[in-house]
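Student: I am new to this structure and would like to get to know it step by step. Could we go through it together?

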Amino acid sequence: MVWVTVIAPVFLLETAQPIEPLADQLLSGELDPVTYDYGAIRFEAGDEVTGWERLGALERAVSLQVAPENVREGARLDIEQAGCEMTAVLGGVQLAKRAPDLASYEAAHDQGVALYQSAQAELDRRLQAAPSELDAAIIRDQFWRDLMLEPRDPALSGFAAEFELNVLYRGLCKSDRANGNYLRHLMADPQRLMTLIYGEDAPARADLVQHASASFQRDVIALMEASTTFGDALYQRRAQAFLTDRVRVAERQPQIYATQGQCVRGRWSYSQPVDLERARQERAEIGLEPLEVAREIHDRACQRRLGAALRDEF
């Protein structure tokens with residue numbers, strides 16, 4: 001689950017481009033929030049202090065526009081509430097803040113935007129050729145995640161690699177939102193949804209729900225628990241275990257099967273809290289592979305791009 005933090009208001013600066021109209025344009029899509037040059041806000045402000053103040057003002061402006069009126073400062077919104085535009089702006093601002101200098105930012109921005117645009121064009125081509133809505137959803141689900149797992153270019157600086165990963169996440173956000181709409185449409189007929197997603201051993205279909213919103217996942221778990229036949233097959237028990245842990249982590253509860261975690265400096269780290277001894281027992285009872293085997297698989301994946309620069313969830 002992706003979260004963003006609501007930020008308190010400040011007096012916006014009146015110099016250069018006004019911040020509030022800029023926030024409107026980025027959130028509405030009039031300006032592309034993924035490819036926008038946030039570095040210009042910092043480096044073309046005239047002095048460093050003003051640049052940093054303007055970046056902070058943009059963060060606050062978009063937070064206030066997206067957050068409901070009754071949400072307090074410091075509260076966390078999930079991606080369904082915040083939207084991909086807001087997370088793109090906040091991610092872009094953070095990159096502008098972390099840039100070592102103007103030249104580093106411009107080089108990383110140009111390369112990252114080129115990657116994002118070429119990837120989006122390739123995704124559009126594949127979607128046009130998809131034989132069904134389900135196939136299109138699977139393509140959207142896998143496309144950006146596969147790109148993240150490609151080996152990183154060793155010549156890239158740490159900042160440039162972080163920039164690339166950031167823009168890939170922006171594409172992933174849009175794909176996950178589109179798939180969320182598709183799954184909600186399927187939920188109009190719950191039995192059809194369960195048959196289509198879990199009627200056979202098809203991990204790519206189960207991943208569609210695994211990457212959906214927490215609210216949708218809770219609805220699916222309720223269907224699993226209400227069924228008298230679901231769970232007869234190992235692949236169904238596996239899907240339910242992963243989904244249960246996913247929801248529990250989103251709700252800040254201890255996971256049961258130790259299926260959820262993130263890459264930290266190239267190694268797999270479990271989402272806390274987790275009782276690994278209990279997880280070993282629970283996994284054995286439903287037929288999941290031993291915890292040590294799963295950990296090795298995750299560690300190998302973390303050696304690639306996904307764990308290169310950031311703390312990221314699968």
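Student: Which residues do ring pairs link into a cluster?

Tutor: Happy to start there, and please keep in mind that this is a predicted model. Rings count as a pair if their centres lie within 6.5 Å. Linked through such ring pairs, the members of the cluster are F43, Y105, F159 and F163.

Student: How many aromatic pairs does the count come to?

Tutor: The rule is the one we just used, with ring centres within 6.5 Å. By that rule, the count comes to 7 aromatic pairs.

Student: What kind of aromatic pair do Y36 and Y38 form?

Tutor: A pair of rings is described by the distance of the centres and the angle of the planes. For Y36 and Y38 the centres are 5.1 Å apart and the planes make an angle of 75°. Since planes over 60 degrees apart count as edge-to-face, this pair is edge-to-face.

Student: Is Y36 buried or exposed?

Tutor: Buried means under 20% relative accessible area. Y36 has a relative accessibility of 17%, so this residue is buried.

Student: What kind of pair do Y116 and W144 form?

Tutor: Y116 lies in helix α6 and W144 in helix α7, 28 residues apart, so the pair links distant parts of the chain. Both Y116 and W144 are buried. Their ring centres are 5.9 Å apart with 25° between the planes, and planes under 30 degrees apart count as stacked. The pair is therefore stacked.

Student: How far apart are the end C-alpha atoms of helix α6?

Tutor: Helix α6 covers residues 102-129, which makes 28 residues. At 1.5 Å a residue, α6 should span 40 Å. The model agrees with this, as the end C-alpha atoms are apart by 41 Å.

Student: Which elements cover the buried residues of α6?

Tutor: The buried residues of α6 are Y105, A108, H109, G112, V113, Y116, A119, Q120 and L123. In an α-helix, residues three or four places apart point the same way, because there are 3.6 residues a turn. What covers the buried residues of α6 includes α2, α5, α7 and α8.

Student: Which residue caps the N-terminal end of α6?

Tutor: Look for a side-chain oxygen by the backbone nitrogen of A103, at a distance of 3.3 Å. That oxygen belongs to D101.

Student: Which side chain makes a polar contact with the side chain of Q65?

Tutor: Q65 lies in helix α3 and is partly exposed, with a relative accessible area of 39%. Q65 touches E20, A23, D24 and L27, leaving aside residues up to four places away in sequence. One of these is 41 residues from Q65 in sequence, yet 8.3 Å away in space, C-alpha to C-alpha. With a polar contact of 2.8 Å, the partner is D24.

Student: Which residue takes a positive phi in the hairpin of β3 and β4?

Tutor: β3 and β4 pair in the antiparallel sense over 4 bridges, and V264 stands opposite R267 in β4. Between the strands there are 2 residues. The one with a positive phi near 50° is R265.

Terms used. Residues are numbered from 1 along each chain as its sequence is written. This is a predicted model: local features need pLDDT of at least 70, side-chain atom pairs count only at pLDDT 80 or more; totals for chains, interfaces and linings use all residues. Side-chain values use heavy atoms; hydrogens and water are left out. The expected span of a helix is 1.5 Å times one less than its number of residues. Buried means under 20% relative accessible area, exposed over 50%, partly exposed in between (1.4 Å probe, protein chains only). Contact means heavy atoms within 4.5 Å. A polar contact is a pair of N or O atoms within 3.5 Å; within protein, one must be able to donate a hydrogen and the other to accept it, and residues adjacent in sequence count only if both atoms are side-chain atoms. Two strands pair if DSSP finds at least two bridges between them. Rings of Phe, Tyr and Trp (its six-membered ring) pair if their centres lie within 6.5 Å; planes under 30 degrees apart count as stacked, over 60 as edge-to-face and the rest as tilted.
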